[in-house]
Amino acid sequence: MEEKKRSSFSGRIGFVMAAAGSAVGLGNIWRFPYLAAKYGGGIFLLVYILLAVTLGFSLMVSEIALGRKTKLSAIEAFSTLNKKFKFLGILASAVPVIILPYYSVIGGWVAKYMVVFMTGGSAQAAQDGYFSQFISAPVEPAIWFVLYIIATAVIVLLGVEKGVEKASRILMPLLVVLSVIIAVYTSVQPGALEGIKYYIMPDFSKFSVKTVLAAMGQMFYSLSLAMGIMITYGSYLKKDGDIEASVKQIEIFDLLIAFLAGLMIVPSVFVFSGGDESQLQTGPGLMFEMLPKVFDSMPFSNVVGAVFFVLVLFAALTSSISLMETVVSIVQDKLHWSRKKSSIAVLIFTIAVGMLSCLGYGPLSFISVFGMAFLDFFDFISNSVIMPIVALLTCLFISKVVGVDPIVEEVKLSSAFKREKVFRVMIRYIAPICIIAILVSNLLSYFNIFVI
Ligand code: PHE
């Protein structure tokens, strides 16, 4: 019965496109550049790439293989194999529930900027303070947020994700092309060289545990790992779909888009802020502050800006659809509600929780959670706390419960598995030890700050 119900991807390319659609999103374009700017530029980039090709690779292979082997989604995959690990499925499922609301707030910001450029507002958007004024307003960001999440919900409810995915097959390559053009443009501006150096050349004096934690959280986030999504996708993959090659392709695409986004945004801090390097610390607003300045200095600024934000909006939508799908199916499975009822419940919940993040920079800015605005807090708790824990427990689950061998065998059904050795060592030793070390040292430094 179960076998019959479970549909599968038409082929490996379909699988790669769907997984890449989930992976490539605001994480690459909005989150990666501001973290790279904040955590030392080149050193962050280096740590990020190293983590992606070792830990990220191993985890993604594990999750997809686990899904394909069990043909189950995250919660059941863990609990079916071992009752004691049921909580791990639940913990992993909590991640998309936390991310979806604030992700949609940022999706709303993207929609707003798209419309601003479409209506010829390039010069306005490029002014200092435009972004902070926008996000601290009481009503406007909330409207964009609600529109964005409703659009996501409508797509999920009507089941037209396929249409969006098809469109993004054309739009994502266009995003790459446009990003290259913008990055080249930024790179030839006076002052850019300094910025490119900052972004690409690792400065080891800027290395810290925080850099590693930030890079690790970003990697989970960007590759949609440590939240069960890839397990579910893997459960739809046919036995002859090459897992290793798929993971490689997804990673390359994901890294490429993140790298290009950084190349557009980080050097522009040096070009457009009159040498004020404190701008590197801007945080979540960096893309929205910097890109309008870049666009406004280009010919056809309104067209470039509008096209760019349309493309980013599509990238964001394919990711939020994948997040919402996951949350809706959790509600459906747990409460046995219809898809419609579950989707509406998730929509209402997301609006309620997302509103905190949305208004957290404006009317609710007097409230801070552990010293952070709501959006920053939700981002921190999911990426820097829960996801590393889920990743750690997934490694333990594989080495202690499932065994590394059955996973390797599963991968080998369809891949040569050239990186088998790296995989084994990562899952058994390096990944768990590193994650524990990073979590503990971060916790300690956090309490230090807290005590002082
Ligand atoms: N990976 C997506 C991004 O980079 C975000 C995302 C996370 C999507 C988790 C789905 C699940 O934007």
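1. At what angle do the axes of helix α16 and helix α17 cross, and within what distance do they come? In this predicted model, the axes of α16, which spans residues 301-335, and of α17, which spans residues 339-359, come within 9 Å and cross at roughly 120°. Because angles of 65 to 115 degrees count as roughly perpendicular and those over 145 as roughly antiparallel, the two helices are described as oblique to each other. The crossing of α16 and α17 is right-handed.

2. The residues behind that crossing can be listed for both helices. On the α16 side the contact is made by M324, E325, V327, V328, V331 and Q332, while α17 contributes R339, S342, S343, V346 and L347. Sorted by class, this contact of α16 with α17 holds 6 nonpolar, 3 polar and 2 charged residues.

3. Helix α6, residues 86-118, also packs with α16, and their axes come within 8 Å and cross at roughly 160°. With roughly antiparallel defined as an angle over 145 degrees, α6 is therefore roughly antiparallel to α16. The crossing of α6 and α16 is left-handed, and their contact comprises 21 nonpolar and 8 polar residues, with no charged residues.

4. The remaining pair is α6 with α17, whose axes come within 8 Å and cross at roughly 65°, in a crossing that is right-handed. From α6 the contact draws on V97, L100, P101, Y102, S104 and V105, and from α17 on V346, F349, T350, V353, G354, S357 and C358. By class, these residues divide into 9 nonpolar, 4 polar and no charged.

5. How many residues surround the ligand, and which are the closest? There are 15 residues around the ligand, and the closest are A23, L26, G27, Y103 and Y221.

6. A backbone N or O atom of L26 lies 3.0 Å from an oxygen atom of the ligand. A polar backbone atom of Y221 is 2.8 Å from a nitrogen atom of the ligand, and in the side chain of S224 an N or O atom is 3.1 Å from a nitrogen atom of the ligand.

Conventions: Residues numbered from 1 in each chain as written. Predicted model: local features only at pLDDT ≥ 70, side-chain atom pairs only at ≥ 80, totals over all residues. Heavy atoms only, no water. Axes fitted to C-alpha atoms, helices over the stretch in contact; angles between N-to-C directions. Helix = DSSP H or I, 4+ residues; strand = E, 2+ residues; numbered from the N terminus. Parallel < 35°, antiparallel > 145°, perpendicular 65-115°, else oblique. Left-handed = near helix turned anticlockwise from the far one by under 90°. Contact = heavy atoms within 4.5 Å. Nonpolar A, V, L, I, M, F, W, Y, C, P; charged D, E, K, R; others polar. Near = heavy atom within 4 Å. Polar contact = N/O pair within 3.5 Å; in protein donor to acceptor, adjacent residues only side chain to side chain.
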